[in-house]
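Dear colleague,

Please find below the structure that I am handing over to you. My notes on what was found in it follow.

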Amino acid sequence: MTSVGPSPEEKAAGTVVPPPSTEQNGLAKDQKQAEFVSAATIDEETVRKALLDYASDQCCWGKGAARDMKIEKLEPSTSYHYILETFTEGRRIVLDHIPHYENKVDGPENGQPPGPWEMPAKTPTMFEDETSEIAIPHTHYVKSCHNCGASGKIECFVCRGSGRVKCNGGCSGKGEQKVYRNSAWVMERCSRCSGRGEISCSSCGSSGRRTCTSCNGHLQLLWFQKLIISWRNNRAEHVVEKTSLPPEMVAHASGSIGFEDLQQQVLPLKKFPEPEINSASQRLLGEHKFPDSRILMQRHKIRIIAVTKCICKYKNKDMTYYVYGLENDVHAPDYPQQSCFGFINCPKCSLDCCPESIREDCDFFKEECSIL
């Protein structure tokens, strides 16, 4: 027997199913605690070359300051980037349907439907987001299509059921169009719509009705419960940076791995010489609780990033910049030659950007701009 099916709102409603308590994680195994590792230091030649390369890569930056500055002091330090990742699996049940093609219906008469956490699933790629959808066995049943009232047809959305649409020829629905005849513009009846301003709707063949998009014209729908499995990599991080270098730059810089551990449930760090790392590990692990999901795996690591604060003088003015990471990235927000050729509005000639012909004869440029 068939009947009218659930509404679209009922269909869309999903139920999140927490994992059984017996599947929640047990105590973590003992692990080796992280040991203090200091990043390597770099010399004056390296920091100067890093700034020269950086200035060369910027639009309109002069290299004179990088070449002629006096490096007064280098202050090396070590930054730490703690990363925690928790890979979880969550399951929820939604109601879905497909057109019923008179095929066999796997209903509850064939057996008890398995529980959502009893359903087998493929092995996911660890620490990568992914979603899988599986029809739950023995939950299928047939009902009349609610979208078309079991008629197999719905109103055409193009012509709104009228079977006709506005003429898309030269008249734009007016029935007449302007044409050039005998050296003059005249109005003539549209040949495409014969002056009616409308033409037959090609989407429904002028019937005003088209095949139902839900049942595909088969009058009935096969309803079933669908299990949606979501694997998510939940990531949290904390940066320890003692200088004025923005933490987000440290987080994106290349560095070496000072510590890494992988378990179903890792332990918080307690003995790392930097107390802020221990506190961050304890706090972030406490926040990574997912009562509606199952934790499949956890990993955490400490990345070590070398940071060198460079204190310099250029033309009797203080200048500070930072060189950091394995690739010697540079952060120099106060670099003095960030405009075209190291200045804006030359005080000698009042030009924004000196042409080469002027630079060749300009004593100010040769003595002050320091770009060559």
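I begin with Glu85, which is buried, its relative accessible area being 7%. The word "buried" stands for under 20% relative accessible area, "exposed" for over 50% and "partly exposed" for what lies in between, with a 1.4 Å probe and protein chains only. Please note that this is a predicted model, in which local features need pLDDT of at least 70 and side-chain atom pairs count only at pLDDT 80 or more, while totals for chains, interfaces and linings use all residues. Residues are numbered from 1 along each chain as its sequence is written, and side-chain values use heavy atoms, with hydrogens and water left out.

Salt bridges

What does Glu85 meet in a salt bridge? Its partner is Arg235, at 4.0 Å from N to O; a salt bridge here is a side-chain nitrogen of Lys or Arg within 4 Å of a carboxyl oxygen of Asp or Glu. Because Arg235 belongs to strand E11 (residues 220-240) and Glu85 to strand E2 (residues 70-99), the pair ties together parts that are 150 residues apart in sequence. Helices (H or I, at least four residues) and strands (E, at least two) are DSSP runs, numbered from the N terminus.

The whole structure contains 17 salt bridges. Another of them joins Arg164 and Glu198, at 3.6 Å from N to O. Arg164 is in strand E6 (residues 164-166) and Glu198 in strand E9 (residues 198-200), so this pair ties together parts that are 34 residues apart in sequence. Arg164 is partly exposed at 29%, and Glu198 is partly exposed at 37%. In a further salt bridge, the closest N and O atoms of Glu188 and Arg181 are 2.8 Å apart. Glu188 is partly exposed at 27%, as is Arg181 at 44%.

The protein as a whole

The protein has seven helices and 15 strands. Of its 372 residues, 40% count as buried. A contact means heavy atoms within 4.5 Å; among contacts between residues at least 6 apart in sequence, 79% join residues at least 24 apart.

Nonpolar cores

A nonpolar core is a set of buried Ala, Val, Leu, Ile, Met, Phe, Trp, Tyr and Cys residues joined through side-chain atoms within 4.5 Å. Which residues have the most contacts inside the largest core? They are Leu51, Met69, Tyr321 and Tyr335, in a core of 18 residues. Helix H2 (44-57), helix H3 (64-68), strand E13 (293-314) and strand E14 (317-324) are the elements that give two or more residues to this core. H2 supplies the largest share, four residues. Beyond its neighbours within four places in sequence, Tyr321 is in contact with residues including Val47, Leu51, Met69, Cys312 and Val330. Another core lies apart, with 14 residues, among them Ala236, Val266, Ile277 and Ile302.

Cysteines

How many disulfides does a search of the whole structure find? The count is zero, a disulfide being a pair of cysteine sulfur atoms within 2.5 Å. The sulfur of Cys145 has its closest cysteine sulfur in Cys148, at 3.7 Å, which is too far for a bond. Likewise, the sulfur of Cys193 is 3.7 Å from that of Cys190, its closest, and this is too far for a bond. Cys145 is buried at 2%, and Cys193 is buried at 0%.

Aromatic pairs

Rings of Phe, Tyr and Trp (its six-membered ring) pair if their centres lie within 6.5 Å; planes under 30 degrees apart are called stacked, over 60 edge-to-face and the rest tilted. The search finds five aromatic pairs. One of them, Tyr54 with Trp61, is edge-to-face, with 5.5 Å centre to centre and 85° between the planes. Tyr54 is partly exposed at 25%, whereas Trp61 is buried at 16%. Tyr80 and Phe272 also form an edge-to-face pair, at 5.2 Å and 85°. This pair links distant parts of the chain, 192 residues apart: Tyr80 is in strand E2, and Phe272 is in the loop between strand E12 (256-263) and helix H5 (275-287). Tyr80 is buried at 3%, and Phe272 is buried at 5%.

Yours sincerely
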